[in-house]
Amino acid sequence: MQILREAGIDWRERRLISNLYRVQSVKVRLNRGEIRSVKTGRGVRQGCCLSPILFNVYSEYLTKEALEGLGDFKIGGQTIHTVKYADDLVLLAKEEKVLQDMIDKLIEIGRCYGMEMDVEKTKVMRISRQPFPVKIIIEQKQLENVKSFKYLGSTLTNDGRCTCEIKCRIAMAKADFNKKRTLFTSTLDLELRKKLVRCYVWSIALYGAETWTLRAVDQKHLESFEM
């Protein structure tokens, strides 16, 4: 409620939200029936359209407080601390020490907000022409260095190139085309089939294309797929 107050939410709306989430209870449905009601003391309600909004406001204030004055990664003169979607958070930094300081501060402030970082699921990756390992420690445990990872459906690699992502997209689009080959090679009107291909195949192949930095070899892959 304090964060909603700081965000300028009217007291009437805050009271409504409080009444919605006060004294929550849940039941789990099993094959033999439902278990008895269990009270929940924290978190947001699953399936509620208000839940993601509340979580986003909460996480935004958390990261803002934790990372204020930190960070050295800039785009267009503006410091970019994070890239986040729901509870998936990516920290951006140019220097190893800066990244370590950001993580330490995020863990410290996160605990004040009642949130913990899952060390097992946290990875680190250096994007560089010479991507040597980064040493980041959380709770006396060094984070695993990875060469690639998938974020929001796109594959990011430590060389900063898009070749791997483009090849994955082409492979997925080919697989989907083969599943629907009967439809695409049917006696339907040609223009209709073209629209179906653009809808079901090219939408997969070009997912996230706005973020790609194409090289000649990447363009060749896409042209070969189109043929």
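A salt bridge here means a side-chain nitrogen of Lys or Arg within 4 Å of a carboxyl oxygen of Asp or Glu, and this structure holds 12 of them. Before I go on, this is a predicted model, where local features need pLDDT of at least 70 and side-chain atom pairs count only at pLDDT 80 or more, while totals for chains, interfaces and linings use all residues. Residues are numbered from 1 along each chain as its sequence is written, and side-chain values use heavy atoms, with hydrogens and water left out.

OK, let's start with glutamate 139 and arginine 111. Their side chains meet in a salt bridge at 2.6 Å, N to O. That pair ties together distant parts of the chain, 28 residues apart: glutamate 139 sits in the loop between β10 (137–138) and β11 (141–142), and arginine 111 is in helix α4 (residues 96–112). Helices (H or I, at least four residues) and strands (E, at least two) are DSSP runs, numbered from the N terminus. Glutamate 139 is exposed, at 53% relative accessible area, and arginine 111 is partly exposed at 43%. The cut-offs there: buried is under 20% relative accessible area, exposed is over 50%, and partly exposed is in between, with a 1.4 Å probe and protein chains only.

Next, helix α5 (residues 163–179). Why are arginine 169 and glutamate 165 about one helical turn apart? Because they are 4 residues apart in that helix. They form a salt bridge, with the closest N and O atoms 3.3 Å apart. Arginine 169 is buried at 8%, and glutamate 165 is buried too, at 4%.

Then there's lysine 180 with aspartate 176, a salt bridge at 3.2 Å between the closest N and O atoms. Salt bridges that share partners also join Arg111, Glu116 and Glu139 into one network.

Now over to threonine 157, in strand β14 (residues 154–157). Buried or exposed, this threonine 157? Buried, with a relative accessible area of 12%. Its side chain makes a 2.6 Å polar contact with the side chain of aspartate 159. By polar contact I mean a pair of N or O atoms within 3.5 Å; within protein, one must be able to donate a hydrogen and the other to accept it, and residues adjacent in sequence count only if both atoms are side-chain atoms. Across from threonine 157 stands serine 148, in strand β13 (residues 148–151), which pairs antiparallel with β14 over 4 bridges; pairing takes at least two DSSP bridges between the strands.
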